[in-house]
Amino acid sequence: MLYFDNAATSWPKPEVVYETHDRVLRQGGSAGRGVNQSSLRAGRELLHTRKALSRLFGIANTERIVFTQNITESLNVGLHGLLQTGDHVLISSLEHNAVVRPLEYLKKSGISYTIVPCSREGFLDPAIVESNFQPNTRLLCFTHASNVLGTILPIKQLGQIAKAHHCLFMVDAAQTAGVIPIDVEDQHIDFLAFTGHKSLSGPQGVGGYYARPDLVLNPLIYGGTGLHSLTLEQPDIWPEGMESGTRNIPGIAALGAAVEFILHEGLPKIRSHELQLMSILLEGLEYIPEIQILGPCDINARVGLVSCVFRNHTPDSVALELDRRFDIVTRSGLHCAPLAHQTAGTIDRGALRISINYFKQSRI
């Protein structure tokens, strides 16, 4: 099988990810539940992964990293937990439904949002962001890179704009964490949402977020935390108060192993290999007749994915043919991002997306 659907879920993973998941699954224990050795070991696995993520994202306080099931849950925590009636939000025309649908729901609570248009290639002009501010704008919520066009957004500039307007800045790092440098302090990020199973090379079922230490954030889920069990109220203690219920210890430990692998390899090496593969991929696609490649021409403005459309074939038919005849895995459709397809002019038919990862070899 030739796997090119890494923007959905990366595969394969570093071998240490499989080994760690298996090891921790076999040792049992539930973090924060009791004083037995198994549970204490589980707690140390959580702490190890928080520390690794802190190093990757430049986070000083590891207690402000909270684990979730995936980035959709993380984004929901941020949007539901930070916004109040009367607040206004700015987003781009590249956002995933993980952002847009919660905001549509929050309209019922008197929260509004404005979509800042990007160019057909996915470029965002910070000046247009500035021109869309309203007196009640409280939050800027932007993806770091489009999951359809691959375009990387200027998050440092956006963070500076948010800071200048005394607004909060939330970043969706689904397609960039583990490949593109992220530093929450330098880029003025107040809330960073990430997922484990894409470019971070961890397993499915694990995501998380970072929230600035002085942010007041309401939990999305209430319940047992392993702390202050006598009280009937949710304890206001981070991170446990935001992580009700038994956590996915094997998955979180495996994510920690993946992040350690990334830190060992180094982002410059990983990004350089991605750019090399992207160059080969784009050069090869350009030889195919009647194909239109979406997104920027400059590979340095992209993450490791390419979406394309065909003059005489639907994306679904091409994806099906690649899978059935050649065992090549791609992703067709709207990619849960109709705004991005409206931006690209492909909302009526979608596109075929080809996405790479660090373990793909150039000879392929």
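Okay, let's start in the sheet: Thr 195 stands opposite Gly 207 in β8. Strands here are DSSP runs of E, at least two residues long, numbered from the N terminus. Before I go on, this is a predicted model, so local features need pLDDT of at least 70 and side-chain atom pairs count only at pLDDT 80 or more, while totals for chains, interfaces and linings use all residues. Residues are numbered from 1 along each chain as its sequence is written, and side-chain values use heavy atoms, leaving out hydrogens and water.

Back to β7. Five bridges tie β7 to β8, residues 207-211, and that pair runs antiparallel. With β6, residues 168-172, there are three bridges, and the pair runs parallel; Met 170 has Phe 191 in β7 as its bridge partner. By pairing I mean that DSSP finds at least two bridges between two strands.

So how buried is β7, residues 191-195? Five of its five residues are buried, so the strand is largely enclosed by the rest of the structure. Phe 191, Ala 193 and Thr 195 cover one side, Leu 192 and Phe 194 the other, and all are buried. Buried is under 20% relative accessible area, exposed over 50%, partly exposed in between, with a 1.4 Å probe and protein chains only.

Now the cysteines. At 41%, Cys 336 counts as partly exposed.

Technical notes: Helix = DSSP H or I, 4+ residues; strand = E, 2+ residues; numbered from the N terminus.
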